[in-house]
Amino acid sequence: MATKAQLMAELDLLKQQMASRDDISASQSKAGAKTVDEAGETEETDPKSYLGKLLEAQGLDKDEIDELWSQLTTELGDLTREKPILTAAAAFGVGFVLGRMSK
């Protein structure tokens with residue numbers, strides 16, 4: 001069983017490690033461009049590059065997502081011109097539901 005002195009020494013060591021880790025992360029957040037992962041490699045913290053890496057990890061391509069998004073916005077834009085009554089009914093339905101939920 002560990003003695004109180006050994007536990008206090010270990011606690012002091014852990015506090016020093018936490019303080020040095022906080023100092024490193026504070027200096028990196030001020031720099032803002034790079035972080036160090038567990039392997040010691042630096043990587044950018046840009047949200048767009050992070051999202052791209054996340055999509056690649058899931059087997060999706062960022063260009064495909066951009067293409068699908070542009071296609072969706074084009075089709076929704078055309079929907080208002082091609083079917084105005086359906087668009088008005090959908091807008092009324094959404095407004096009605098939101099109105100009932102807010103009461």
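R81 counts as exposed, because its relative accessibility is 64% and the cut-off for exposed is over 50%. This value, like the others here, comes from a predicted model. D78 reaches 27% relative accessibility, so D78 counts as partly exposed.

These two residues are paired. D78 forms a salt bridge with R81. Their closest N and O atoms are 3.0 Å apart. Side chains of opposite charge can pair when their charged atoms come close. Both D78 and R81 sit in helix 3. Three residues separate the two positions, about one turn of the helix. A search of the whole structure finds one salt bridge.

Helix 3 spans residues 62-82, and helix 4 spans residues 84-101. Their axes come within 5 Å and cross at roughly 105°. Helix 3 is therefore roughly perpendicular to helix 4, since angles of 65 to 115 degrees count as such. On the helix 3 side, the contact is made by L79, T80, R81 and E82. Helix 4 contributes P84, L86 and T87. By type, the residues of this contact divide into three nonpolar, two polar and two charged.

From the N terminus on, the elements run α-β-β-α-α-α. The protein has 103 residues, of which 2% count as buried. Its accessible surface comes to about 9300 Å². Carbon and sulfur atoms account for 61% of that surface.

Conventions:
Residues are numbered from 1 along each chain as its sequence is written. This is a predicted model: local features need pLDDT of at least 70, side-chain atom pairs count only at pLDDT 80 or more; totals for chains, interfaces and linings use all residues. Side-chain values use heavy atoms; hydrogens and water are left out. Axes are lines fitted to C-alpha atoms, for helices over the stretch in contact, and angles run from 0 to 180 degrees between N-to-C directions. Helices (H or I, at least four residues) and strands (E, at least two) are DSSP runs, numbered from the N terminus. Angles under 35 degrees count as roughly parallel, over 145 as roughly antiparallel, 65 to 115 as roughly perpendicular and the rest as oblique. Contact means heavy atoms within 4.5 Å. Ala, Val, Leu, Ile, Met, Phe, Trp, Tyr, Cys and Pro count as nonpolar, Asp, Glu, Lys and Arg as charged, and the others, Gly among them, as polar. A salt bridge is a side-chain nitrogen of Lys or Arg within 4 Å of a carboxyl oxygen of Asp or Glu. Buried means under 20% relative accessible area, exposed over 50%, partly exposed in between (1.4 Å probe, protein chains only). Accessible areas come from the Shrake-Rupley method with a 1.4 Å probe; for residues, only the protein chains shown count as cover.
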